[in-house]
Amino acid sequence: MLSKRFKPWHLVPFSIRYAKLRFTRRPVLVHFEVTMRCNARCDFCDYWKTDAGAKATELKSFADAARHFRPMMITFTGGEPLLRPDLEEVIAAVGRAAPITWMSVITHGAMLTVPRAQSLWDAGLAQFAVSLDFLDERHDEGRGIPGLAAKILRTVPELTARGMTVRFNTVIKRENLDDILPIVRRAAAIGAGVNLSVYTDFKNGNRAHLIDDLPRLQALVNELLAYKRRNRGVISNSDWYIENIPAYLRGEITEPCRSGETTIHIDPVGMVRRCPDFPADSHWSEYKGFAPIKCNACYYACRGEAQAPLTISRFRDLAGSTTSPHGLAETTPGAAS
Ligand code: SF4
Ligand code: SF4
């Protein structure tokens with residue numbers, strides 16, 4: 001099952017679109033950064049420092065860009081997208097412009113009530129991606145939002161019980177190596193999924209959360225792969241991505257980054273960039289693609305999964321998936337993560 005919004009036969013149009021986009025070297029996944037404003041206080045991201053006045057310049061609609069790119073998947077991200085009271089209209093207009101497109105919102109979850117979630121779902125979403133790095137108050141401290149983890153863990157089971165698809169976006173960092181499997185198990189127990197990314201300090205130079213215990217990390221990787229073998233469909237990352245986390249942290253991944261090829265980001269004023277941490281190059285209407293670049297600053301899914309080979313395990317993931325249509329993880333940590 002993909003999302004409760006789609007049926008198995010939707011795999012056919014998704015697969016055709018995927019093949020066409022890859023053949024024509026157009027992005028499979030487009031992130032619409034609908035605002036850079038955020039009401040969290042993360043110490044590893046500076047988006048929350050965005051001036052409130054930026055609201056005046058945010059695009060009212062991303063529908064023309066959606067029609068232009070016609071990707072397979074679209075995320076509404078930020079900043080915190082739920083700060084926009086018109087998010088439902090933005091989503092519905094994009095859905096009309098690009099029908100049969102997987103649409104997801106990435107949120108810190110503090111404002112995700114059941115009625116708001118239902119109205120966003122009814123606007124056309126296929127998934128909520130909710131950031132969750134701990135199951136307890138450490139998550140609240142990390143985000144600067146009291147009671148956040150408890151609120152998320154109260155709300156998400158209500159959403160899945162109502163037929164909505166939810167995934168946790170979880171960043172593996174120094175402090176939560178022992179918390180990742182419990183998050184995965186909790187997600188499975190409440191009918192949600194998990195997408196993992198690795199903490200890097202590229203966003204604002206904060207090195208406090210960098211992973212320094214590589215033997216423990218390797219043990220976690222082994223545990224995650226073993227979990228995936230037994231339970232396909234809960235963790236949406238490819239086996240390849242997970243296997244290569246230790247190699248990335250040892251500095252052994254030297255391939256040029258292919259971000260900007262299968263995924264792009266369009267910022268709140270319509271400028272396009274290859275990944276959330278690179279400056280914008282041009283307006284989306286002038287997008288001509290991004291060549292691979294020698295950058296090793298992160299191991300976000302938009303970087304790592306773009307290099308993942310199409311293996312049998314990906315098809316097993318897809319067969320058991322409750323998340324995205326070809327298992328491409330649509331996360332970019334720090335962008336509303
Ligand atoms: S490695 Fe790629 S995705 Fe990561 S910051 Fe560099 S260009 Fe962006
Ligand atoms: S990481 Fe996400 S939640 Fe935290 S400040 Fe940045 S955009 Fe907001």
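Okay, so the protein chain here has 12 helices and 9 strands; helices (H or I, at least four residues) and strands (E, at least two) are DSSP runs, numbered from the N terminus. Quick housekeeping: this is a predicted model, where local features need pLDDT of at least 70, side-chain atom pairs count only at pLDDT 80 or more, and totals for chains, interfaces and linings use all residues. Residues are numbered from 1 along each chain as its sequence is written, while chains are lettered from A and ligands numbered from 1 in the order in which they are written.

Let's start with the sheet. It's an open one of 9 strands with mixed pairing, and the order goes β6-β5-β4-β3-β2-β1-β7-β8-β9. Two strands pair if DSSP finds at least two bridges between them. At the edges you find β6 and β9 (282-283), each with a single partner strand, so one side of each has no neighbour in the sheet.

Now zoom in on β5, residues 166-172. How many of the residues of β5 are buried? It's 7 of the 7, so the strand is largely enclosed by the rest of the structure. By buried I mean 20 or more other C-beta atoms within 10 Å of the residue's own; exposed is 12 or fewer, partly exposed is in between, and the C-beta atoms are placed from the backbone. In a regular strand the side chains alternate between the two faces of the sheet. Here V166, F168, T170 and I172 point one way from β5, and R167, N169 and V171 point the other way. Take V171: it's buried, with 23 other C-beta atoms within 10 Å.

Who are the partners of β5? On one hand there's β4 (residues 127-131), running parallel to β5 and joined to it by 4 bridges, with F128 opposite V166. On the other hand there's β6 (residues 193-198), also paired in the parallel sense, over 6 bridges. To get from β5 to β6, the chain crosses through helix α7 (residues 180-189), and this β-α-β crossover is right-handed. That means that with the strands pointing away from the viewer, the path from the first strand over the helix to the second runs clockwise.

So what about α7? Its buried residues include I180, I183, V184 and A187. Looking down the axis of α7, the buried residues fall within an arc of 100°, so they line one face of the helix; that arc is taken from the directions from the helix axis to the C-beta atoms. An α-helix has 3.6 residues a turn, so residues three or four places apart point the same way. Just after α7, G191 takes a positive phi of about 75°.

Most residues other than glycine have a negative phi, and most peptide bonds are trans. But R70 has a positive phi near 40°, and you'll find R70 in the loop between α2 (63-69) and β2. The bond from G78 to G79 is cis, with omega near 10°.

Last stop, ligand 1. Which residues come nearest to ligand 1? Of the 15 around it, they are C257, S259, C275, C295 and C298, where near means a C-beta atom, placed from the backbone, within 6 Å.
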